[in-house]
Amino acid sequence: MAFPHNRMRRLRANETLRSMVRETRLSVNDFIYPLFVCPGKEKKNPITSMPGVNQYSVDLLDKEIKELEALGIPAVLLFGIPEHKDPLGSEAASDHGPVQEATKKIKDISPELMVITDVCLCEYTSHGHCGVLNPDQTVDNDRTLELLAEEALSHARAGCDLVAPSDMMDGRVGFIRNRLDEMGFENLPIMSYAAKFASSFYGPFRDAADCAPKFGDRRSYQMDPGNINEALREVELDILEGADIVMVKPALAYLDVIKAVKEKFGMPTAAYNVSGEYSIIKAAAAQGWIHEETVMLEVMTSIKRAGADLIITYAAKDMARLI
Ligand code: PBG
């Protein structure tokens, strides 16, 4: 008998065989596409640090939404850029803000497309922090909860399908859940940014959403990158407070966290392939150093293999075309 007896290469001989035994498959249903909505008319502002990503004014959303629909992408995640910023982020809860108007418009154009709204104050506050400030410039957790709940409620009134709090204040999921329930939105699900790390991979997003903190950083509310036990506690609390989908963010540098969360809780689990993860690939591909499509596919496969059921990514349209 020829040696070796076991030949792993037998099942790698051709693409048909390989695809028959492939363990992880991407589907267009896995993807959520982030959209940045800005005030004004006929605005399509390219984000320099994120090639292919633009801010759109509400009137220009039609084409983008039809394209997503045609590609079969099931959901968008909306971020709003307000007209004016102030210390309380007042425009976040305006019934006529960009996110609220975009939600109505998208539900008009494409009722089946799920509209998920990011609930946070950093795009709306003049100081760029994700909550209200105390006199000593720290973020006041409990006063922030009130404002987040108002913001979530205005998204609900506009007709969104899910709300996604990304602020990392303590107790926000339960607080938002209660407020939504009181107001008759008990069937509106919450996708919580449950384990959100204080990551340097968010750099390009802060250009896109114009939300870099004007002083300090977010490390007093977002998580320390070294912590996985704490991530599990964060996720557990959000589940106890009523989260329907839990998210780990970023994705690539936190695949172990995705895996641990999925294994421990068995919840619908989302992972956010964030701006920096996207831009790194775009930049290297532009230099001709890597092949963009295959690297993106490999990255998405790794996130799914780690345990993510849903992947939020700026490459969602490209992925839908490729798979
Ligand atoms: C807002 C928010 C951020 C991202 C999503 N929601 C930025 C931050 O926390 O600084 C980052 C997304 C990305 O980098 O793609 N709180």
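Me: How many of the 6 residues of strand 4 (residues 75–80) are buried?

Reply: Good place to start! Strand 4 is mostly covered, with 5 of its 6 residues buried. A residue is buried if 20 or more other C-beta atoms lie within 10 Å of its own, exposed if 12 or fewer, and partly exposed in between, with C-beta atoms placed from the backbone. Strands (E, at least two residues) and helices (H or I, at least four) are DSSP runs, numbered from the N terminus. Keep in mind that this is a predicted model, in which local features need pLDDT of at least 70 and side-chain atom pairs count only at pLDDT 80 or more, while totals for chains, interfaces and linings use all residues. Residues are numbered from 1 along each chain as its sequence is written.

Me: Which strands pair with strand 4?

Reply: Two strands pair if DSSP finds at least two bridges between them. Strand 4 pairs with strand 1 (residues 31–38) in the parallel sense, over 6 bridges. There, G80 in strand 4 stands opposite V37. Strand 4 also pairs with strand 5 (residues 114–119), again in the parallel sense, over 4 bridges. In that pairing L77 has I116 of strand 5 as its bridge partner. To get from strand 4 to strand 5, the chain passes through helix 3 (residues 98–109), and this β-α-β crossover is right-handed. Right-handed here means that, with the strands pointing away from the viewer, the path from the first strand over the helix to the second runs clockwise.

Me: In which sense does strand 3 (residues 54–57) pair with strand 1, parallel or antiparallel?

Reply: Strand 3 and strand 1 pair in the parallel sense, over 3 bridges. You can find the place by looking for F36, whose bridge partner in strand 3 is Q55. Strand 3 also pairs with strand 2 (residues 44–46), in the antiparallel sense and over 3 bridges. Here P46 has N54 of strand 3 as its bridge partner.

Me: Now a helix. Which residues of helix 5 (residues 172–182) are buried?

Reply: R172, V173, F175, I176, R177 and L180 are the ones buried in helix 5. Their cover includes helix 4 (141–158), strand 6 (162–165), strand 7 (191–196) and helix 7. After helix 5 comes G184, with a positive phi near 90°.

Me: Why does E234 count as buried?

Reply: E234 counts as buried because it has 23 C-beta neighbours inside 10 Å. This residue lies in helix 7 (residues 229–240). Apart from neighbours within four places in sequence, E234 is in contact with A194, A195 and M223; contact means that the two C-beta atoms, placed from the backbone, lie within 7 Å. An unreviewed UniProt entry lists E234 under "binding site". UniProt positions follow the numbering used here, feature names are shortened, and annotations may be inferred rather than shown by experiment. L237 also lies in helix 7, and with 16 C-beta neighbours inside 10 Å it counts as partly exposed.

Me: Which residues are around the ligand?

Reply: They are D118, C120, C122, C130, S166, Y202, F205, R206, R218, V274 and S275. Such a residue has its C-beta atom, placed from the backbone, within 6 Å of the molecule. By class, this shell has 6 nonpolar, 2 polar and 3 charged residues. Ala, Val, Leu, Ile, Met, Phe, Trp, Tyr, Cys and Pro count as nonpolar, Asp, Glu, Lys and Arg as charged, and the others, Gly among them, as polar.

Me: What is the omega of the cis peptide bond between F3 and P4?

Reply: Omega is about 0° for that bond. P4 sits in the segment before helix 1 (15–20). The peptide bond from K249 to P250 is cis as well, with omega near -10°. P250 belongs to the loop between strand 8 (245–249) and helix 8 (255–265).

Me: And where does Q137 lie?

Reply: Q137 lies in the loop between strand 5 and helix 4. Its phi is near 75°, a positive value in a residue other than glycine. Q137 counts as exposed, with 10 C-beta neighbours inside 10 Å. D210 is not a glycine either, yet has a positive phi of about 50°. Look for D210 in the loop between helix 6 (203–208) and helix 7. D210 is partly exposed, as 17 other C-beta atoms lie within 10 Å.
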